[in-house]
Amino acid sequence: MRMIKWQNGTVLTPDQTKLPLQEVTLEIKTVEQMAEAIKTLRIRGAPLLGAAAGFGLAIAAYNSQATTPPQLIAELEAAGIVIKHQRPTAVNLFWGVDRVLNKVKSTQGTLEELKAATILEAQLIADEDAAQNHAIGKNGSVLIDDGDTILTHCNAGELATVEYGTALGVIRAAWEQGKKIKVIADETRPLLQGARLTVYELKRDGIPVTLITDNMAAYIMKKGLVNKVIVGADRIVQDAVFNKIGTYGVAVLAHEHNIPFYVAAPKSTFDLTSKADDITIEERNSDEVTHVGCQQTAPNNIAVYNPAFDATPLKYVSAIICETQIYYPQDYQTFKTKQQ
Ligand code: MRU
């Protein structure tokens, strides 16, 4: 199912803050609405953010009152700055803006042709992401065996992408091949992407899933109740994988218990010009920690630290599955020397 669609100047996408209790479709018609949806995680997940970034520029082009191509490009650049400003860690947001801007700037044509090129490039990003996730699923499914119980953290599913998912794409592909697998989903405090989104989509698809709180992972690994871990990524740099806060802990635990730890992500999530120390980790509002949903659970005026992501060093990563291949630890050296 497509998670983001372009319909005559309007972007249609589920409001992920309402799931799983309400299924509400957002109708985004302005760059400001797109920026708000990204900031508040109504739209979330690195690959979906890449597509949303592209569609944000498509909206800017569609609504533009520019009378010349340079004016249009200036408006698109301004929209790109607004979109990039919303969240700092997932590289796909930046990649999506830059890809569309580069396409428009390299297109020779009339104003209308440039507008059409903007919208077409955004649609191409979405179409390609959908196809890439199916390829990731197929590639990664060779790592999944009949009878596996697989732990995942956060939501790297259909909802985090244009279609099918990355980590959950691998799980879906294995399931579609008839492998009898089970999933354990970390709830993923503070915003509960695991509890709200991952179990929602797996349950809907009939894939057996059990929800745990984040602090149960060590215990279930020790008891032998999980034999593989697979997560998505928000940015893969030369020496680390950035993903939802808590991923690093899960990776260290998997290492300690000799459980393979796999990462699934498209190449649009690779940022091989950077190292872990170069990357800004988003820090979010303290309310996300002092409250569960709308319910306050901590005293007033308490100091809070709320980083949204962490970096898992590559030494803990058993393989990285992308749309073209699986990278194993012996391949990671190439990350330091070339842009993939
Ligand atoms: O803050 P979010 O919900 O946008 O973060 C998304 C994640 O970190 C997911 O874990 C995911 O693996 C990356 S997107 C497939």
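Biologist: At what angle do helix 2 and helix 4 pack, and how far apart are their axes?

Modeller: In this predicted model, helix 2 (residues 46-63) and helix 4 (residues 91-105) pack at about 35 degrees. Their axes are 7 Å apart.

Biologist: What makes the residues of helix 2 and helix 4 "meet"?

Modeller: Contact means heavy atoms within 4.5 Å. Ala46, Gly50, Ala53 and Leu57 are among the residues of helix 2 that meet helix 4. On the helix 4 side, the list includes Leu93, Gly96, Val97 and Leu101. By class, this contact has 9 nonpolar, 4 polar and no charged residues.

Biologist: Is the crossing of helix 2 and helix 4 left-handed or right-handed?

Modeller: The crossing is right-handed.

Biologist: Why do strand 6 and strand 15 count as edges of the sheet?

Modeller: The open sheet has 7 strands in the order 6-5-4-7-10-14-15, with mixed pairing. Strand 6 (209-212) and strand 15 (326-327) each have a single partner strand, so one side of each lacks a neighbour in the sheet.

Biologist: How do you know that strand 14 and strand 15 pair?

Modeller: Pairing needs at least two bridges. Strand 14 (residues 319-321) and strand 15 have 2 bridges, in the antiparallel sense. That meets the cut-off, so they pair. Isoleucine 320 stands opposite tyrosine 327 in strand 15.

Biologist: Which residues are closest to the centre of the largest pocket?

Modeller: The largest pocket has a volume of about 540 Å³. Of its 21 lining residues, the closest to the centre are Thr17, Leu191, Arg196, Gly293 and Cys294. By class, the lining has 9 nonpolar, 6 polar and 6 charged residues.

Key
Residues numbered from 1 in each chain as written. Predicted model: local features only at pLDDT ≥ 70, side-chain atom pairs only at ≥ 80, totals over all residues. Heavy atoms only, no water. Helix = DSSP H or I, 4+ residues; strand = E, 2+ residues; numbered from the N terminus. Axes fitted to C-alpha atoms, helices over the stretch in contact; angles between N-to-C directions. Left-handed = near helix turned anticlockwise from the far one by under 90°. Nonpolar A, V, L, I, M, F, W, Y, C, P; charged D, E, K, R; others polar. 1 Å grid on protein atoms, 1.4 Å probe; cavity = no way out; pocket = protein on both sides within 12 Å on 5 of 7 lines; lining within 4 Å. Points joined across faces, edges and corners; volume = space filled by probe spheres on them.
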